[in-house]
Amino acid sequence: MSTSELEDLKYPIGKFQFPTVISKTEIENNIHTICHFPQVLRETVQYLSDEQLNTPYRPDGWTVRQLVHHLADSHMNSYVRFKWTITEEEPTIKAYNEKAWAELSDAKYDAIEPSLLLLTALHLKWTSLLNNLSEEDMRKSFVHPQNGRKIELHENISLYAWHCNHHLAHIVNLSERMNWV
């Protein structure tokens, strides 16, 4: 497999680029994506067998099962980061080792239903929070400890709408390549 083909498998919708300007409509669209993501994900994975769930989406990549559990872990962390940012003055958030978390037994072997349920409940709360952010709240920022970057909440909404679509594309593209659909 060529480097280009591997990059396409890693980033099927392209790498995330922090937007320089985000319109109110784009923010609303991104919140809409976050709101509806758990249902779209459930519909995408609901008929996959254990064998299919244990299939990596690319060479040396996570399995579909690990992706679903990663989404729950990542989105929980993001939700907490939003709350810290709204309630604290430019907090430095806690990073986590997503690769190590994906290698834990729950991510590698557990049923995906608990993570799908968690995502459903979490996204209901998260969407409510996002829909009630003021323009001032949207400009509040946190500091990411790995690169020192200040990330404003409206940027983080864009990042997580991308994150939803990014991992969904991994699963959809794998299903199409394997003729599961």
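**Pockets and backbone**

Modeller: Starting with the largest pocket, 32 residues line it, and those that lie nearest its centre are Tyr11, His70, Glu98, Trp162 and His163. Please keep in mind that this is a predicted model.

Colleague: Which elements give two or more residues to the lining of the largest pocket?

Modeller: Those elements are α4, α5 and α9, and the largest share of the lining comes from α9, which supplies eight residues.

Colleague: And how much space lies in the largest pocket?

Modeller: The computed volume of the largest pocket is about 980 Å³.

Colleague: What does the lining of the largest pocket look like by class?

Modeller: Sorted by class, the residues lining the largest pocket are twelve nonpolar, twelve polar and eight charged.

Colleague: Okay, moving on, how much space lies in the second largest pocket, and which residues lie nearest its centre?

Modeller: The second largest pocket holds about 300 Å³ of space, and its lining is made up of 14 residues, with Lys24, Ile27, Ser134, Glu135 and Met138 lying nearest the centre. The elements that contribute two or more residues to this lining are α2 (24-45), α7 (113-131) and α8 (135-138).

Colleague: Which of them gives the most to that lining?

Modeller: That is α2, which gives four residues to the lining of the second largest pocket. By class, this lining has six nonpolar, four polar and four charged residues.

Colleague: Changing topic to the backbone, what is the phi of Glu90, and where is its place?

Modeller: Glu90 is not a glycine, and yet its phi is positive, at about 40°. The residue sits in the loop that runs between α4 (64-87) and α5 (98-102).

Colleague: Why does Glu90 count as partly exposed?

Modeller: The relative accessibility of Glu90 is 32%, and partly exposed covers the range between the buried cut-off of under 20% and the exposed cut-off of over 50%, so Glu90 counts as partly exposed.

Colleague: And what about Asn179, where is its place, and is it buried or exposed?

Modeller: Asn179 lies in the segment after α9 (153-177), and its phi is also a positive value, near 60°, in a residue other than glycine. Asn179 is exposed, because its relative accessible area is 65% and the cut-off for exposed is over 50%.

Definitions and conventions
Residues are numbered from 1 along each chain as its sequence is written. This is a predicted model: local features need pLDDT of at least 70, side-chain atom pairs count only at pLDDT 80 or more; totals for chains, interfaces and linings use all residues. Side-chain values use heavy atoms; hydrogens and water are left out. Buried means under 20% relative accessible area, exposed over 50%, partly exposed in between (1.4 Å probe, protein chains only). On a 1 Å grid over the protein atoms alone, a cavity is a set of points where a 1.4 Å probe fits but cannot get out, and a pocket is an open set with protein on both sides within 12 Å along at least five of seven lines; lining residues have an atom within 4 Å of a point. Grid points are joined across faces, edges and corners, and a volume is the space filled by probe spheres set on the points. Ala, Val, Leu, Ile, Met, Phe, Trp, Tyr, Cys and Pro count as nonpolar, Asp, Glu, Lys and Arg as charged, and the others, Gly among them, as polar.
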